[in-house]
Amino acid sequence: MRATHFCSACGKVQPAAPVDYFTFFGFPRKLDLDASKLEKEFYALSRHLHPDGFANAEEQERAWSLEQSSMLNDAYRTLKDPIKRTEYLLRLEGVELEEQSKQATEKARVTGELKKQVVPPDLLEEVFELNMHLEELRTQKKLGEDDPALLEEIGKAKLSLEEKFDALFEELQGQWKKWDAAVDSGTEPDRMQIRDRMVDVLNRRNYIRNLVRDVNEAMEN
Amino acid sequence: MASDHIVGIDLGTTNSLVAFMQGDSPAVIPGEDGLNLVPSVVALDEKNQIIVGNAARKYLIETPERSVYSAKRLMGRGVEDIREELKMFPFQLADDMAAGEVLRIKIGERTYTPPEISALVLRQLKRNAERFFGGPVTKAVITVPAYFNDAQRQATKDAGRIAGLDVLRLVNEPTAASLAYGLDQRKNGIVAVYDLGGGTFDISILKLHDGIFEVVATNGDTHLGGDDIDNLLIAIALDDIRGDLGLDVRRSGESVARIRRSVIEAKIALSSLPSTTLDVELPGGKRYQREVTREMFERLIQPVIDRTVGPTKQALKDAGLKPSQIDEVVLVGGSTRIPKVRELVQGLFGRTPHTDLNPDEVVALGAAVQANILGGGSDVTKEMLLLDVTPLSLGIEVAGGVTDKIILRNSTIPASATQYYTTQVEGQTNVAIHVLQGERELARDCRSLARFDLKGVPPMPAGMPRIEVKFLIDANGILHVSAREQRSGKEAEIDVQPSYGLTDEQVENMLLESFDYAEEDFRQRQVIEARREAETITAALAKGKNNPAWQALTSDERHNIAGLEESLVAVKDGDDYQQIRNAIDALNQGTMRLAELMMDTAVTTALKGKAMDQTDFEEGTAAGHPVAKAEFE
């Protein structure tokens, strides 16, 4: 059921209810979301909630419209992006994703602090080798040397990582469908299992994304 | 209702315009001189009267130290921000500026902040609109470059308030242009607006969908435009003059202003001609002349216009679009008249840009459309809705001098974000929050918007308090921040005070001062109008004396009228409005019978079958009281 945005008696805009983004749109907490349906709802609600429609309204109504439309925009921004949507739902389900987040990574990069990051076990060997190659590349660059064989090696590793990255997204989409089915008919343990699987997929995906970025930086500099 | 006109204003670096929705389409309101563009130039004349617009332009050359242009480049900026800028512009900062104060520019003996200078331009536009509507105009939509930061937006809003305008909305210039374009074309699709004006560059990418104008990405440079092109040419001319003529005129405001004028003329000419000549009169009867070919000009400006490429590519990347996915590219801003710029845009997008719209007017027209929407809309605008974005990411400084971004750039506005912070030291009762704007990772590389203290945090062990900070960017792109310590419920509401912004009190004072000036202006205008009225009346009377009706008056009546006329002539060139007014009214009263007789003559003549043009009346005087109160406006 959609949250109440308007008064049922007079049709006036109401203060934003503290609901989650799915409820704001009147959607169930499901992940395989129809993008065009979401956009249609977003446009329809925008027409009713945007402050432009309240330029001449009394102050209270204007404030509510501002609050409601900012929540609408925040909700839309989160739900339309598949990764943000998944992360958001996982947070609603009590998962703390901060350790793997981009923000935490950037903070660690800038401050030079070591970020707690677990290498996915199946990537251990590949990552170890890649890091060695990157180290070598940085040293060579400092000396002004050029080793085409090394660049090719790194390029291959990068391609393999990118393939894994894409595959993980497909895997995530597979988990969405399982999750959505479990929302309708699954048991609590079912849902928790799918939830944890999604956390794992996202963590691996973030890890690979950071790795690819490191590769790009090493190659550019 | 006349008092309900909401106007759309394009407050430009070089020119400003005011427009309104006339029936189904927006229209620009011309000034008294009949021109649509009001140059954003402010000057003080010999009598210390403020002159704005076309009339002020001559002072740029005659008394450069008493005039200012391109003040928009200074809006919302600090002294250190504009040090580079000041080298290129003849502005003089006030001598008595304190550290951290909003900068003030000298115009003659007076000093003005950039918002006050902009307010003078706005007030001229307001006056033009009031003259046009014959009633007060108090509400406006004002456009700003999409890439303006919070401080620049706030400064623009302040300028509106100082000018006595209730600024209902700040709209991004390229977005406004898209509204005018969309109203005109009524097509769905992806549109890129490339806006290169006098001082700023914006690129916006929008999705047009059944009346919804959704900005997907925007980027730009608030210090890139026609001014930079002019400055390149000026630098060359100054070098030439020093080398060839042995004259160093860099410090001569008048010469630089003359060069600037000649350079702008040349730049404009080169959009249609293969070559033109710079021609400048210099002190001591010397003269600088130089041929400039288009080829040379294009080579010279390439680095400037190339600076639009990075932002354009970034905007496309942020939108997740390839150039081939753009359905239409709309050009806005006077600098897009330069063929080389058009060529660059064509190369970037691989398509011929849409140039049907007048690049000087389209932003103001779009602002008028938005004004109409805010006023409740009309048949043609009722389905239209603008969804704009914030151009820059917003964040808070966290430990290690790092920016913690909490609202990312290109987020649809209004947008909000909530973050939780805690204390670092046992018993800490104050938490300083530093608000930043920009894309860089380190706080020192971002623009500082404001610092505020959350006071009265209950003493707790480090890390215990839970401080909720809520950021809200409103539909104007202006940030509001509130913070609350959740365990104690202690709340602090903060309106972001830009690091180089005016306080509310300062804005109020400026508004009051502007009222004083306004009254002065108003009295002057009254006098001028009364004078014109007096001239019309005496001219009509001169004609009346040739009418047979004049002879039908008694000699006493004729004598009386002559006396009243003499008194009017005696006072009409004075500065006392009331005196002129009284003399006009007395003469009006005294010539009442003459007017009646003239009417009778006219009627009799007409009845005799004579055509009106064969009588010695002219149309206007025959229609009524020959010395009726003249209508101006």
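Good morning. I begin with one pair: B:Leu472 stands opposite B:His480 in β25(B). Two strands count as paired here if DSSP finds at least two bridges between them, and helices (H or I, at least four residues) and strands (E, at least two) are DSSP runs numbered from the N terminus.

The model is predicted: local features need pLDDT of at least 70 and side-chain atom pairs count only at pLDDT 80 or more, while totals for chains, interfaces and linings use all residues. Residues are numbered from 1 along each chain as its sequence is written, and chains are lettered from A and ligands numbered from 1 in the order in which they are written.

Let me stay with the hairpin. Strand β24 (residues 467-473) and strand β25 (residues 479-485) of chain B pair antiparallel over seven bridges. Five residues lie between the two strands, and B:Gly477 in that turn has a positive phi of about 80 degrees. β24(B) also runs antiparallel to strand β21 (residues 415-421) of chain B, again with seven bridges, and there B:Tyr420 faces B:Glu468.

Now chain B as a whole. Of its 633 residues, 46% are buried, and its secondary structure comprises 17 helices and 26 strands. Its C-alpha atoms fill a box of roughly 105 × 65 × 55 Å along the principal axes. An automatic or database assignment sets the domain bounds: domain 1 (2-224 + 307-387), domain 2 (226-305), domain 3 (394-501) and domain 4 (506-622). The centres of domain 1 and domain 4 of chain B, over C-alpha atoms, are 42 Å apart.

Next, the nonpolar core, a set of buried Ala, Val, Leu, Ile, Met, Phe, Trp, Tyr and Cys residues joined through C-beta atoms within 7 Å. The largest one has 150 residues, of which B:Val7, B:Ile9 and B:Ala19 touch the most other members. Helix α11 (residues 362-374) of chain B gives the largest share of this core, ten residues. Apart from it lies another core, of 24 residues, including A:Val13 and A:Phe22. Leaving aside residues up to four places away in sequence, B:Val7 touches, among others, B:Phe20, B:Val137 and B:Ala368.

I turn to the interface, where contact means C-beta atoms, placed from the backbone, within 7 Å. How many residues of chain A are in contact with chain B? There are 19, and they meet 22 residues of chain B. On the chain A side, α2 (35-49), α3 (59-80) and α5 (102-111) are the elements that give two or more residues. The largest share, six residues, comes from α3(A).

Finally, a residue of chain A. A:Glu152 is found in helix α7 (residues 148-185) of chain A. Why does A:Glu152 count as exposed? Because A:Glu152 has 10 C-beta neighbours inside 10 Å. A:Glu152 and A:Tyr88 are 64 residues apart in sequence and 38 Å apart in space, C-alpha to C-alpha.

Key: Buried ≥ 20, exposed ≤ 12 C-beta atoms within 10 Å, placed from the backbone. Contact = placed C-beta atoms within 7 Å.
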